[in-house]
Amino acid sequence: MPGKISSLFKWLWRQFRRLPLVLQWMSSGICLGSLIMSVFVGDMGLALMGTAIGLSGALIGAILGGIAVLVPWGTAVVYRAKRQARQK
């Protein structure tokens, strides 16, 4: 199982590095921003609102960061397919 996970991370890293530098920076910025905001808002929000349901800010940030990475990648795939379809 660990071999499959490490090969998945290697594949994801290669896919990320194939993106143009601007998209890499944007994706990284979005991931870091969502992680930081979820940590601040999650922890401070729980402290200020006094809610009994504890949500992990880091977990939410990681999930949102993953979504933020996949959406631009999916958009790039769609635009590439549209461009190739127009050229044919």
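Reader: Which helices each supply at least two residues of the nonpolar patch?

Author: Keep in mind that this is a predicted model. The nonpolar patch on the surface is formed by I5, L8, F9, W11, L12, L70, W73 and V77, with about 720 Å² of accessible area together. The largest share, 5 residues, comes from α1. The helices that each give at least two residues are α1 and α3.

Reader: And L8, is it buried, partly exposed or exposed?

Author: L8 sits in helix α1 and belongs to the nonpolar patch. Buried would need under 20% relative accessible area and exposed over 50%. L8 has 45%, so it counts as partly exposed.

Reader: OK, pocket time. Which residues lie nearest the centre of the largest pocket?

Author: The largest pocket has a volume of about 470 Å³. Its lining takes in 19 residues. Nearest its centre you'll find F16, C31, G65, G66 and V69.

Reader: Which element gives the largest share of that pocket's lining?

Author: Going along the sequence, the pattern is α-α-α. The elements giving two or more residues to the lining are α1 (2-18), α2 (21-49) and α3 (57-87). The largest share is 7 residues, and it comes from α3.

Reader: How many residues of the lining are charged?

Author: The lining of the largest pocket splits into 13 nonpolar and 6 polar residues. As for charged ones, the count is: no charged residues.

Reader: Last one: what percentage of the protein's residues is buried?

Author: The protein exposes about 7,100 Å², with carbon and sulfur atoms supplying 74% of it. Of the 88 residues, the buried ones make up 17%.

Note on methods. Residues numbered from 1 in each chain as written. Predicted model: local features only at pLDDT ≥ 70, side-chain atom pairs only at ≥ 80, totals over all residues. Heavy atoms only, no water. Helix = DSSP H or I, 4+ residues; strand = E, 2+ residues; numbered from the N terminus. Buried < 20%, exposed > 50% of the residue type's maximum accessible area, 1.4 Å probe, protein only. Areas by Shrake-Rupley, 256 points an atom, 1.4 Å probe, with all protein chains shown as cover. 1 Å grid on protein atoms, 1.4 Å probe; cavity = no way out; pocket = protein on both sides within 12 Å on 5 of 7 lines; lining within 4 Å. Points joined across faces, edges and corners; volume = space filled by probe spheres on them. Nonpolar A, V, L, I, M, F, W, Y, C, P; charged D, E, K, R; others polar. Patch = residues over 30% accessible without salt bridge, like charges linked within 9 Å, V, L, I, M, F, W, Y side chains within 5 Å. Salt bridge = Lys/Arg side-chain N within 4 Å of Asp/Glu carboxyl O.
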